[in-house]
Amino acid sequence: MPALLIIYHSRTGGSRQMAEAAYEAARPETEVHLLPAQSTEPSDLLAASGYIFCAPENLASLSGMMKEMFDRCYYPLLGQIEGRPYAQMICAGSDGENAARQLARIATGWRLREVQPALILCTHAQTPEQILAKKHLTETDLAPCRDLGQAMAAGLQMGVF
């Protein structure tokens, strides 16, 4: 059975909520695993058929913990996961585009296949207090995350990707 791996990093809860929504929607479709970036090992990625990466944008770049996961896993997996499908979700206070570009560039190095453009959820957090506050995403915010999780899992199960 194909397996979807959702890897996330979250400091204030937004990305975690996004990843959990994708996970819950994916579960009826195929085998799915949800792992925090700091716990993800190359063997986890090797065992999966496809990926959803979910992280916040911090200071106009991919979060450090997600980047650290890529740093640890990149070279051990080089040449071993080519062609596998991936999607990404970014939780951002403003635009999220730079984090999405960074993640896509890493995925390109692994020769992963992007199955949809980055899903960027903008919280509009702009003040230090808003940025550092625990995030509480609405059902409307999380609906596209659920759609992505379900579609990614179904696509893996049906052999579309």
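Methionine 158 is placed in helix H6 (helices are DSSP runs of H or I with at least four residues, strands are runs of E with at least two, and both are numbered from the N terminus). The structure is a predicted model, in which local features need pLDDT of at least 70 and side-chain atom pairs count only at pLDDT 80 or more, while totals for chains, interfaces and linings use all residues. Residues are numbered from 1 along each chain as its sequence is written, and side-chain values use heavy atoms, with hydrogens and water left out.

Methionine 158 is exposed, at a relative accessible area of 63% (buried means under 20%, exposed over 50% and partly exposed in between, with a 1.4 Å probe and protein chains only). Together with Val160 and Phe161, Met158 makes a nonpolar surface patch of about 310 Å². Helix H6 itself covers residues 139-158, and its 20 residues reach 27 Å from the first C-alpha to the last, close to the 28 Å expected at 1.5 Å a residue. Glycine 159 follows H6 and has a positive phi, near 80 degrees.

The buried residues of H6 include Leu142, Cys145, Leu148 and Met152. Packing against the buried residues of H6 are strand E1 (3-8), helix H1 (14-26), strand E3 (50-58), strand E5 (85-92) and strand E7 (119-122). In the loop between E1 and H1 lies histidine 9, which is buried at a relative accessible area of 7%. Leaving aside residues up to four places away in sequence, histidine 9 touches Ser15, Ala37, Gln38, Cys54, Ala55, Pro56, Ser63, Met65 and Met66 (contact means heavy atoms within 4.5 Å).

Turning to the aromatic residues, a search of the whole structure finds six aromatic pairs. Rings of Phe, Tyr and Trp (its six-membered ring) pair if their centres lie within 6.5 Å, and planes under 30 degrees apart count as stacked, over 60 as edge-to-face and the rest as tilted. Tyrosine 51 and phenylalanine 53 are stacked because their ring centres are 5.7 Å apart and their planes are at 20 degrees. Tyrosine 51 is buried, with a relative accessible area of 0%, and phenylalanine 53 is buried, also with a value of 0%. Tyrosine 74 and tyrosine 75, in turn, form an edge-to-face pair, at 5.0 Å centre to centre and 85 degrees between the planes. Here tyrosine 74 counts as buried at 18% relative accessibility, whereas tyrosine 75 counts as exposed at 63%. One aromatic cluster is formed by Tyr51, Phe53, Phe70, Tyr74, Tyr75, Tyr86 and Trp110.

Side chains of opposite charge can pair when their charged atoms come close. The structure holds six salt bridges (a side-chain nitrogen of Lys or Arg within 4 Å of a carboxyl oxygen of Asp or Glu). In one of the six, glutamate 20 and arginine 16 have their closest N and O atoms 3.0 Å apart. Both residues lie in helix H1, four residues apart, about one turn of the helix.

Arginine 72 and glutamate 41 also meet in a salt bridge, at 3.8 Å from N to O. This pair links distant parts of the chain, with arginine 72 in helix H3 (residues 64-77) and glutamate 41 in the loop between strand E2 (31-36) and helix H2 (42-47), 31 residues apart. Back at residue 139, the side chain of glutamate 139 meets that of arginine 146 in a salt bridge (3.1 Å, N to O). Salt bridges that share partners join Glu41, Glu68 and Arg72 into one network.

Terms used. The expected span of a helix is 1.5 Å times one less than its number of residues. Patches are made of residues with over 30% relative accessible area and no salt bridge: like charges are joined within 9 Å, nonpolar side chains (Val, Leu, Ile, Met, Phe, Trp, Tyr) within 5 Å. Accessible areas come from the Shrake-Rupley method with a 1.4 Å probe; for residues, only the protein chains shown count as cover.
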